[in-house]
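This briefing sets out selected structural features of the model displayed below, grouped by topic.

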Amino acid sequence: MSKRIDVKDLDIFYGNFHAVDSVTMAVQPRSVTALIGPSGCGKSTLLRALNRMHEVIPGARVEGSVLLDGEDIYGSGISPVSVRRTIGMVFQRPNPFPTMSIKDNVVAGLRLQGVKGKKELDEIAERSLRGANLWDEVKDRLNRSGASLSGGQQQRLCIARAIAVRPDVLLMDEPCSALDPISTLAIEDLMSELKDHFTIVIVTHNMQQAARVSDQTAFFNLPGAGRPGRLIEMDDTAKIFSNPNQKATEDYISGRFG
Amino acid sequence: MDSPSGHSNDPVPAAERGRGGVGLVDEPAPNPDDQGKNTARRRSARRRGDVVFARLSAAAGLTLVVAIGLIGLFLLIKAIPSLAADHANFFTSTQFDTNDPKNLRFGIRDLLVVTVLSSAFALLLAVPVAIGIAIYLTRYAPRRLSRLFGGLIDLLAAVPSIVFGLWGILVLAPAITPVAVWLNRYLGWFPLFATGNVSLTGGGTIFTAGVVLAVMILPIITAVTREVYRQTPVAHIEAAQALGATQWEVVRMTVLPFGRSGTVAAAMLGLGRALGETVAVLIILRSSAKPSHFSLFDGGYTFASKIASAAAEFSAALPTGAYIAAGFVLFVLTFLVNAVARAIANRGVAR
């Protein structure tokens with residue numbers, strides 16, 4: 001269920017614009033890896049390249065490879081749809097399907113995979129909502145619209161939806177940036193529980209958050225305007241936040257960055 | 001490139017900037033004594049401007065309401081004497097005899113049947129096609145092709161209805177006769193496909209008119225649904241894609257539910273057009289002495305084509321009033337259709 005990711009010489013483009021320059025990194029299974037760096041450095045772009053969501057934008061493409069337990073997700077004959085079914089994603093803004101009930105939202109991915117039995121869907125819905133620490137809050141109103149929940153609850157609903165299909169990897173793109181501190185704490189607690197089962201990669205602008213939740217941290221930077229973002233260094237989170245190898249990393253985490 | 005798809009919240013700060021800009025008229029006033037008075041005067045001037053503008057726009061809105069009300073009133077006033085002189089039942093009679101002003105016999109039964117049947121049939125044909133085109137243009141077609149194809153559809157709306165009428169009776173009718181014959185032969189037991197009151201092979205039937213109307217209302221329905229589908233939030237689409245939805249599943253999970261009320265409103269808009277279409281229907285439909293059987297293979301007149309056919313003889317008040325009465329019913333009918341469309345569209349917004 002939990003797989004490792006090896007990114008090899010990955011270049012990411014939007015049309016002619018070179019967004020991310022030759023990233024090579026390894027993401028360990030059953031851990032949280034945080035991607036940090038200033039806006040525009042390509043960390044979200046890299047995240048979206050890990051489940052082939054990058055290419056839904058016209059003109060977007062990548063060069064290089066992303067290996068999921070040794071298998072290239074950009075290999076010939078691999079469809080993006082199948083990649084996305086095994087690598088889940090949680091977005092910056094909670095995006096439950098507004099026309100679906102809470103329960104239907106959770107099992108939407110399973111329905112796509114052809115799971116039909118009502119009993120099975122009910123069981124997985126409960127398990128996923130429990131896994132997302134949302135069950136107690138919504139168990140009495142599973143048939144209400146997902147849009148009726150608060151922002152933090154919606155985001156946990158989206159996490160429940162992502163883990164319901166038991167993905168190999170869970171990608172989270174600034175999952176707390178639209179949430180209040182209490183909801184943020186709830187999601188951070190959830191992440192530390194989820195990493196027992198999933199490989200988690202999270203993009204965050206909040207360095208305290210990266211320090212709190214992640215095991216490994218990768219720092220990205222932008223050498224200059226119009227230049228592609230690049231991976232400066234990646235190491236254990238404790239090392240990055242206490243004694244990084246690169247001066248740029250230290251400047252950034254200590255707030256001495258322009 | 002943190003929000004590559006451009007769905008970040010950029011418009012909000014822009015809007016705030018714009019709002020701020022309205023108030024921030026360059027303050028020249030360097031003299032501290034004048035300043036208070038100056039701003040006060042400016043503020044009251046702006047308030048007066050607001051009031052004037054509010055009144056003007058209210059008046060503009062009111063004009064529209066009054067105009068519609070007056071049209072209705074005009075129709076009603078002209079129609080009432082003729083309705084009073086009607087020797088047949090206005091709602092159930094199939095006759096429309098206005099030659100003798102002393103013995104008016106007219107009813108709208110067949111006009112209503114033909115109008116509703118041809119429009120409903122047109123809608124049934126056009127809506128699925130329009131939805132299909134809109135989905136293709138918004139979700140499948142490459143951007144350049146989408147623009148070209150969309151322009152072509154819009155061009156269809158610019159074809160004069162007289163041309164559609166000629167094409168309908170001279171080209172389309174012979175072409176679809178085999179289909180009509182087949183339907184009549186094998187499904188003739190079903191009332192809609194029963195033998196009608198005009199020649200089936202002549203093609204001057206509601207069936208032909210419905211197909212032509214469908215082509216005529218296709219552009220407007222396509223244009224509206226296309227715009228609605230294009231508004232589907234990127235966040236919803238990405239949510240579906242990230243779960244591993246195929247293109248069609250994305251459409252089914254996000255685009256269609258999101259655009260449902262818009263689709264209904266577009267269909268109603270098309271229906272309104274079809275109900276009022278005149279010239280094309282007038283050219284296509286053959287008249288018949290026999291009453292309608294609620295069959296698609298009937299001929300006859302719609303409200304609009306009936307009125308147009310008699311337009312040359314609008315001299316005596318009483319016979320003319322009979323047609324105006326028919327026009328009033330059409331007026332109410334299209335009004336109802338539009339009200340329903342509006343209600344459905346608003347419900348979509350409220351949700």
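Predicted model: local features only at pLDDT ≥ 70, side-chain atom pairs only at ≥ 80, totals over all residues.

**Helix α4 of chain B**

- Helix α4(B) comprises 16 residues, 143–158. From its first C-alpha to its last it reaches 23 Å, close to the 22 Å expected at 1.5 Å a residue.

**A120(B) in helix α3**

- A120(B) is located in helix α3 of chain B.
- Because its relative accessibility is 39%, A120(B) counts as partly exposed.
- A120(B) and R144(B) are 24 residues apart along the chain, and their C-alpha atoms are separated by 34 Å.

**Six-stranded sheet of chain A**

- An open sheet of 6 strands in chain A has the order β6-β7-β8-β3-β9-β10, with mixed pairing.
- Its edge strands are β6 (87–90) and β10 (230–236) of chain A, each of which pairs on one side only.
- From one strand to the next, the twist averages 15°.
- Strands β3 (residues 32–36) and β8 (residues 199–203) of chain A run parallel and are joined by 4 bridges. Within this pairing, L35(A) has V203(A) in β8(A) as its bridge partner.
- Helix α7 (residues 151–164) of chain A packs on the sheet and touches β6 and β7 (169–173) of chain A. The direction of α7 makes about 175° with that of β6(A).
- Helix α8 (residues 181–194) of chain A also packs on the sheet, where it touches β3, β7 and β8 of chain A. The direction of α8 makes about 150° with that of β8(A).

**Four-stranded sheet of chain A**

- A further open sheet in chain A is built of 4 strands in the order β2-β1-β4-β5, and its pairing is antiparallel.
- The edges are held by β2 (17–27) and β5 (71–72) of chain A; each has a single partner strand, so one side of each is left without a neighbour in the sheet.
- Strand β1 (residues 5–14) of chain A pairs with β2(A) in the antiparallel sense over 7 bridges. D6(A) has A26(A) in β2(A) as its bridge partner.
- The hairpin of β1(A) and β2(A) has 2 residues between the strands, and G15(A) takes a positive phi near 55° there.
- Strand β4 (residues 60–68) of chain A is joined to β5(A) by 2 bridges, and the two run antiparallel. In β5(A), D72(A) stands opposite L67(A).

**Contact between chains A and B**

- In chain A, 32 residues are in contact with 22 residues of chain B.
- About 2300 Å² is buried between chain A and chain B, and carbon and sulfur atoms give 62% of this area.
- On the side of chain A, F97(A), T99(A) and L112(A) lose the most area to chain B, together 24% of what that side buries.

Terms used: Residues numbered from 1 in each chain as written. Chains lettered and ligands numbered in written order. Heavy atoms only, no water. Expected span 1.5 Å × (residues − 1). Pairing = 2+ DSSP bridges. Axes fitted to C-alpha atoms, helices over the stretch in contact; angles between N-to-C directions. Contact = heavy atoms within 4.5 Å. Buried < 20%, exposed > 50% of the residue type's maximum accessible area, 1.4 Å probe, protein only. Buried area = accessible area lost by both parts, 1.4 Å probe.
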